[in-house]
Amino acid sequence: MTSPTSPTSPTAAGTGGAAALSAADIASALGQHPPTPEQTAVIEAPLAPLLVVAGAGSGKTETMAARVVWLVANGHVEPERVLGLTFTRKAAGELAERVRLRLAALDAAGLLPLPGAGGATSSDGAPTVATYHAYAAGLVTDHGLRIGVEPRSQLVGPAAAWQLAADVVDSADGEGADGLGDLEAAPSTVVTAVLALAGECAEHLVDVDAVDQVLAGVLARVGSLPGKQPAKVAAALKVLEQRRRVLPLLRRYAERKRELGVLDHGDQVRLAARIAAEVPAVVALERARWGVVLLDEYQDTSTAQAELLSRLFGSGHPVTAVGDPHQAIYGWRGASAGGLQAFPTRFLRSDGAAAAHLALSTSWRNDVAVLDAAAVVAQPLRAASRLPLPVLGPRPGAGEGRVEVAWAQTAGEEAALVADRIAVIWHADARRPPDQRRTAAVLCRARSQFPLLEEALRARDVPVEVVGLGGLLLRPEVVDVVSALRAVADPTRGDAVVRLLTGPRWRLGPHDLAVLAAWSRRRATSRRSRPEAP
């Protein structure tokens, strides 16, 4: 282990002089492989805004954890003044655990805190790692009263939000021009539209009146054009007209939430961004509370999230954002690769210059052939980006790899091809200990492929685990439970009742169902014709 009194790292500008421990020193102390030059540049970067473009499998979580440990170990920030934000609780827990274990190991080795370091460090505190939504929710809880929001407002989940929106739609049905009017959609479709528009408005920080004004302007401008409208233009205008008729329901949905004192997830981010814009004292408190901020998967932040973070931590605060525009998956929620490209100018340095930009371009996950194929596929994305995006290179000692391409006529044939390939690997490892067997993951384009793949793999004696709620809901036994719950909650759900009656419990056939339906109609008729009791 390199002695902490003989540092090997260069001077870290803006952090108070030469670092006492380099990234390589810390890796050696923890018994880990030394970081690459690219990783070292990120880990030892000055305390200033920094954008890190990290390709798939390039070790971004490892590098982020190493940066936190390096900053704490060298006294640049106290561990409890580090804030890390990511999108899932699983990712947040993984990052927090890595940092906690490494700080504990350095403390046990006598390297934390360092005597004579540039700032006081303490092993008693721990960094805070949370999801973006959880952080926004905390701001609303702590400071909501500053903008007139009750801090004890209850958060409603997707199911409760759906029920609330359904009540709004049901109450508006049959109210003429002020109700559903001539909306050409089923009530359930209108409920979905209300919730989708509410989420879009919150994620883009726009109100209903602004949306109404824009839609009215587009309809008027296009409608005033001379000549007959092409069929596609007329169809698009019809969609916009229908969307505009949903806006009154969206206003009622917002009013109902205020009356009941409830918020949904979109409200939390919207209100947090409003707090950051309207209450300078909160900005000062958050900047004083968090000495370093790490933003994971920044390419998936929505407009509201990006505005919230830039209002709080812009103008030179030490923010390190990590992301990859090729991996953006939340475009439906307002995220875009442009958000990542705008980071250097949205988070300016203290001197007004754009934030620094570094990259992680070594893939620790894939072999050479896979990376070559990925580079070809991603070339159009790279060419359209304003950021210099590096081509992922192989790790030291990477294999040549192999890329196989197959074309199947049907989804069933495709599932069989995939299952055949995995079965060869699985059965070839049959004599290895269980912990040494190779595993495989299959990503599906649609949930409808889950049962096909599961059936094909099980037919080849390959154990299968379907990950995610979507896969679970496709299992027959789970479908039966869900159908029973739906039938209990809503007796008019004939589809759920039929599922139960024709399932393995009762196994009624078509003739039996016809007889049951006729009997049910007779009973309903007799009840309606029965005289009321005096």
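This is a predicted model: local features need pLDDT of at least 70, side-chain atom pairs count only at pLDDT 80 or more; totals for chains, interfaces and linings use all residues.
The structure holds 2 cavities of 30 Å³ or more. A cavity is a set of points, on a 1 Å grid over the protein atoms alone, where a 1.4 Å probe fits but cannot get out; lining residues have an atom within 4 Å of a point. A volume is the space filled by probe spheres set on the points, with grid points joined across faces, edges and corners.

**Largest cavity**
- The space in the largest cavity comes to about 40 Å³.
- Its lining consists of Val68, Val82, Leu83, Gly84, Leu95, Val99, Pro127, Thr128, Val129 and Leu294.
- At least two lining residues each come from strand 4 (82–86), helix 4 (89–108) and strand 5 (128–131); helices (H or I, at least four residues) and strands (E, at least two) are DSSP runs, numbered from the N terminus.
- Strand 4 gives the largest share of this lining, 3 residues.
- The lining of the largest cavity has 8 nonpolar, 2 polar and no charged residues, where Ala, Val, Leu, Ile, Met, Phe, Trp, Tyr, Cys and Pro count as nonpolar, Asp, Glu, Lys and Arg as charged, and the others, Gly among them, as polar.

**Second largest cavity**
- Leu85, Tyr132, Tyr135, Ala136, Gln305, Leu308 and Leu309 line the second largest cavity.
- Helix 5 (132–143) and helix 12 (303–313) are the elements that give two or more residues to that lining.
- The volume of the second largest cavity is about 30 Å³.
- Its lining residues divide into 6 nonpolar, 1 polar and no charged.

**Basis**
- Residues are numbered from 1 along each chain as its sequence is written, and side-chain values use heavy atoms, with hydrogens and water left out.
- Local features need pLDDT of at least 70 and side-chain atom pairs count only at pLDDT 80 or more, while totals for chains, interfaces and linings use all residues.

Note on methods
On a 1 Å grid over the protein atoms alone, a cavity is a set of points where a 1.4 Å probe fits but cannot get out, and a pocket is an open set with protein on both sides within 12 Å along at least five of seven lines; lining residues have an atom within 4 Å of a point.
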